[in-house]
Amino acid sequence: MLVGALADAGADQNSLASAIQSLAVGAEVSFERVMRCGISATKFRVSAPEQKKHRHLAGILKIIDAACLPAKVKQNATRVFERLGKSEAAVHGVTIEKVHFHEVGAVDSIADIVGACMGFELLGAEKVYCSAVNTGSGTVMTEHGLLPVPAPATASLLQGTPVYARGPAVELTTPTGAAVVTALAAEFGTMPPMQIDHIGYGAGDKDFKEMANVLRILSGRAAAASEATVVTVLEANIDDLSPQVLAYAMERLMEAGALDASVQPLAMKKNRSAFLLRVIARPEDRQRLAAIVFAETSTLGLRSFVMERMVETRRSVPVTTRYGVVQVKVSDAGNIAPEYEDCRALARSANVPLKDVLAEATYEYQKSIR
């Protein structure tokens, strides 16, 4: 579906076919226009002679390395397979060298992964973003028997990634697909600010009645626009921890990449005084920051929910004050804010009040734009 969507969005089909043929595994590919629940999409098909399905990672990487592919495509395809191998090894309790790739080792799956990496290269993608992943639900039959959806390898690959289940009770994200998106996507969540140049739809095999079985690609250029981003909010009520320890926990959270951390007083049950710790995080950082909260505080529970925040586009402008240079953040709406850490350092070095440095930085910026 991903290769079909990339081709539909403009990736040259002949170049995709040539790249896959250079793998020398006997794969033949074709592209076909189909309809899925009223949407026109490209169906990517792979056919190959019957071959052994079980392959080890080293053998697959040799196939990729020997193929006539751009260096970046080889690098990305290798990264996808290595990520998949680590996940399979963890699920089955073996070393990565002993992993048998089963279905993923089949020729069509190798073609799918290399085709996806080649498609992004042909579109000139510098950065890939992915929405929350629809895993599907129900069960799926595998070489290990009947398994719940998401399959163990898929669930392992999607750890720390925003997921949901909607639509028919079938597998909608395979281990192959999960490996590709988690290896190549820089961020998961809502669409970044962009100017859309091309749209592509890739079709799956089945044609569901309740939803279009297609994967959509939007390609374009970054745009300077106000940004709506999805964040994860972590919260805990804490009534038995020293404020000193809580302050240290907040420092650790910010150092670890939290977008923001705050504490506010509240009254809990039985009129106990307490604090509400709130952490705003990128979805992919949720597990890591939650681990810090549990390690550094006394809480036994943590609430987690998804919210959307609006981020205004801004730039940084250096201004010169009598105390030194300060970076001033300037939004498209004209709002300004001197960088706190710059002003704090200058206030300490000049032994003057912080408010004086902040005021002068603001004045110097406003004077520069008159």
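What share of the contacts in the chain between residues at least 6 apart in sequence join residues at least 24 apart? I looked that up first, and the share is 64%. Contact here means heavy atoms within 4.5 Å.

**Ground rules.** I'm working on a predicted model, where local features need pLDDT of at least 70, side-chain atom pairs count only at pLDDT 80 or more, and totals for chains, interfaces and linings use all residues. Residues are numbered from 1 along each chain as its sequence is written, and side-chain values use heavy atoms, with hydrogens and water left out.

**Whole chain.** I found 11 helices and 17 strands. These are DSSP runs numbered from the N terminus, with at least four residues of H or I for a helix and at least two of E for a strand. The C-alpha trace spans about 80 × 60 × 40 Å along its principal axes. Of the 370 residues, 39% are buried. Buried means under 20% relative accessible area, exposed means over 50%, and partly exposed is in between (1.4 Å probe, protein chains only).

**The sheet.** Next I went to an open sheet of 3 strands, in the order β15-β16-β17, with antiparallel pairing. The edge strands, each pairing on one side only, are β15 (314-321) and β17 (336-338). From one strand to the next, the twist averages 30°. Two strands count as paired if DSSP finds at least two bridges between them. Strand β16 (residues 324-331) has 3 bridges to β17, and I noted that K329 has A337 in β17 as its bridge partner.

**Helices on the sheet.** Helix α10 (residues 340-350) packs on the sheet and touches β15, β16 and β17. The direction of α10 makes about 160° with that of β16. For such angles, axes are lines fitted to C-alpha atoms (for helices, over the stretch in contact), and the angles run from 0 to 180 degrees between N-to-C directions. Helix α11 (residues 354-368) lies across β15, β16 and β17, at about 105° to β15. I picked out E364 in α11: E364 is buried, at 18% relative accessible area. Leaving aside neighbours within four places in sequence, E364 is in contact with V319, T320 and T321.

**A helix pair.** How do the axes of α3 and α4 cross? Helix α3 (residues 57-66) and helix α4 (residues 71-92) have axes that come within 10 Å and cross at roughly 170°. So α3 and α4 are roughly antiparallel to each other (under 35 degrees is roughly parallel, over 145 roughly antiparallel, 65 to 115 roughly perpendicular, the rest oblique). On the α3 side, the contact uses L57, I60, L61, I64 and D65, and on the α4 side K74, A77, T78, F81 and E82. I sorted these into 6 nonpolar, 1 polar and 3 charged. Nonpolar covers Ala, Val, Leu, Ile, Met, Phe, Trp, Tyr, Cys and Pro; charged covers Asp, Glu, Lys and Arg; the others, Gly among them, are polar.

**Helix α5.** Is α5 mostly covered or mostly open? Mostly covered: 12 of its 16 residues are buried, including I110, V114 and F120. Among the elements covering them are α1 (2-8), α2 (13-21) and β2 (39-47). D108 lies in α5 (residues 107-122) and is partly exposed, at 37% relative accessible area. D108 and V29 are 79 residues apart in sequence, yet 9.2 Å apart in space, C-alpha to C-alpha. After α5 comes G124, with a positive phi near 70°.
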